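Trainee: Could you show me how to read the features of a protein model, giving the general idea before each case?

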Amino acid sequence: MDKLLISGGAKLNGSIRISGAKNAALPILAATLLSKEPIVLSNLPHLHDVTTMIELLGTMGVEVIINEDMSAQICAKPLHSVTAPYELVKTMRASVVVLGPLLAHYGEANVSLPGGCAIGSRPVDLHIRGLEALGATIKVEDGFIKAKSNGRLKGAKILFDMVSVGATENVLMAAVLAEGITILENAAREPEVIDLANLLIAMGAKITGHGTDKITIEGVESLHGCEYSVMPDRIETGTYLVAAAMTGGKITLKDTDPTTLDAVIMKLEEAGLHIEIKGDVIVADMTDRVLKSVDVTTAPYPAFPTDMQAQFCVMNAVANGVSTIKETVFENRFMHIDELIRMGCDAKINGNTVVITGVKQLKAAPVMATDLRASASLVLGGLVATGETSMDRIYHIDRGYECIEEKLRQLGAKITRVVGK
Ligand SMILES: CC(=O)N[C@H]1[C@@H](OP(=O)(O)OP(=O)(O)OC[C@H]2O[C@@H](n3ccc(=O)[nH]c3=O)[C@H](O)[C@@H]2O)O[C@H](CO)[C@@H](O)[C@@H]1O
Ligand SMILES: C=C(OP(=O)(O)O)C(=O)O
């Protein structure tokens, strides 16, 4: 298995480009199942999860052509299968978002249950109840979600019990082809939901209210092809901003969308990072500034994102002061803390809260990645630790960070990948 070796101590300096957002690209790829016409997607990030989603679409018969400019032309005609097999779903739980589009367009879908993962049990009850409200018949049998629709789905008013990004996306994609009006209440407001809605609108869907907690969809009979560019990755952006804050460097992030990062930017400014925004560029400067720890509580957008929690834990680990980080979205998202403690972090977990006392210096240790953002926090720790940190199980980081070692090296970090046999 591959490893990352990181020698700490370099201040990051320079400029990099931010990639397309994984969490927007995945549902957008699934949405191509809603049309029989080609959809041309640009700014797709080169990530394991994106490859898995393309492979999943491929097993169903979707045709994917990569154009010279690296955009992908995706055409979902004709499908020979409406099954998402366990072998692919188990490696990426976001595969469950093919359920809504398959059901709406083909009247049938068999999607392997995604199961739990390192950060929590992650049930899909809200997805299932939402699709049932649109008239689908759903059985969970032999480890599969087996969904059928007798004719077109029917628009309905759906109030989600809790805010779920994936359930909002799945039901939104089903509702665009349903007969009549669907209203989604307590819908997720994440920028990735907006990006998906904008793609669907470009395909001919009638959607209003995306970006608020009430989305209204007027179903149409069919959707057409279009060209669409995936939004920039706000979590990748936030991760590099934390890297600048921790290393005391000055970096420029290009092709990003600062408007999607309000909560993260506010907290980084509170921590002492100087941030300048010029359109789609962020310049972050920590030169000669003191890093202060900040309290954080994760919650659905527009509050502080759970996907930035691990990165803020490691930042607080080397900041001045004592901080409290509370995780309210996932029940088990502190797996990185034990690994950070191995690097000298002073942290105590109590239920869904961790109290971190900043230390002057982390020390390199062999560490193991447990999930995607936990991996990012260990890389960040390695960037400021004394000595060489070696990180195992880095397939997690390849799910969500495009060319992480190349980008960090471009900023002056000492990081190499050792390719395993
Ligand atoms: C591919 C993708 O976009 N992943 C993101 C998405 O995950 P994902 O869409 O899986 O996350 P959700 O918003 O659905 O999960 C939020 C909470 O709702 C719970 N829940 C969800 C669905 C359901 O049917 N029942 C239920 O109880 C989950 O267990 C969790 O506690 O949003 C999360 C929350 O911002 C992010 O951390 C993930 O990076
Ligand atoms: C939890 C994440 O992704 P996923 O929902 O795909 O597991 C993430 O991007 O941090």
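Mentor: Let us begin with a pair of helices: α5 passes α6 in a right-handed crossing, where right-handed means that the near helix is turned clockwise from the far one by less than a right angle, and left-handed that it is turned anticlockwise. Helices (H or I, at least four residues) and strands (E, at least two) are DSSP runs, numbered from the N terminus. This is a predicted model, in which local features need pLDDT of at least 70 and side-chain atom pairs count only at pLDDT 80 or more, while totals for chains, interfaces and linings use all residues. Residues are numbered from 1 along each chain as its sequence is written, and chains are lettered from A and ligands numbered from 1 in the order in which they are written.

Trainee: At what angle do the axes of α5 and α6 cross?

Mentor: Two packed helices are described by the angle between their axes and the distance between the axes. Here the axes of α5 (residues 125-133) and α6 (residues 165-175) cross at roughly 25° and come within 8 Å. That makes α5 roughly parallel to α6, a label for angles under 35 degrees.

Trainee: Which residues of α5 and α6 meet?

Mentor: Two residues are in contact if their C-beta atoms, placed from the backbone, lie within 7 Å. From α5, L126, H127, G130 and L131 meet G166, A167, N170, V171 and A174 of α6. The residues of this contact divide into five nonpolar, four polar and no charged, with Gly counted as polar.

Trainee: How many of the 12 residues of α7 are buried?

Mentor: A residue is buried if 20 or more other C-beta atoms lie within 10 Å of its own, exposed if 12 or fewer, and partly exposed in between. Nine of the 12 residues of α7 are buried, so α7 is largely enclosed by the rest of the structure. Among the buried residues are P191, E192 and V193, and the buried residues of α7 pack against α1 (22-31), α6, β12 (206-208), β14 (226-229) and α8 (234-247).

Trainee: Is V418 buried or exposed?

Mentor: V418, which lies in strand β24 (residues 414-418), counts as exposed because it has 11 C-beta neighbours inside 10 Å. Leaving aside residues up to four places away in sequence, V418 touches D2, K3 and L5.

Trainee: Where is H80 placed?

Mentor: H80 is in the loop between β5 (72-75) and β6 (83-84), and with 8 C-beta neighbours inside 10 Å, H80 counts as exposed. H80 and T59 are 21 residues apart in sequence and 8.4 Å apart in space, C-alpha to C-alpha.

Technical notes. Axes are lines fitted to C-alpha atoms, for helices over the stretch in contact, and angles run from 0 to 180 degrees between N-to-C directions. Angles under 35 degrees count as roughly parallel, over 145 as roughly antiparallel, 65 to 115 as roughly perpendicular and the rest as oblique.
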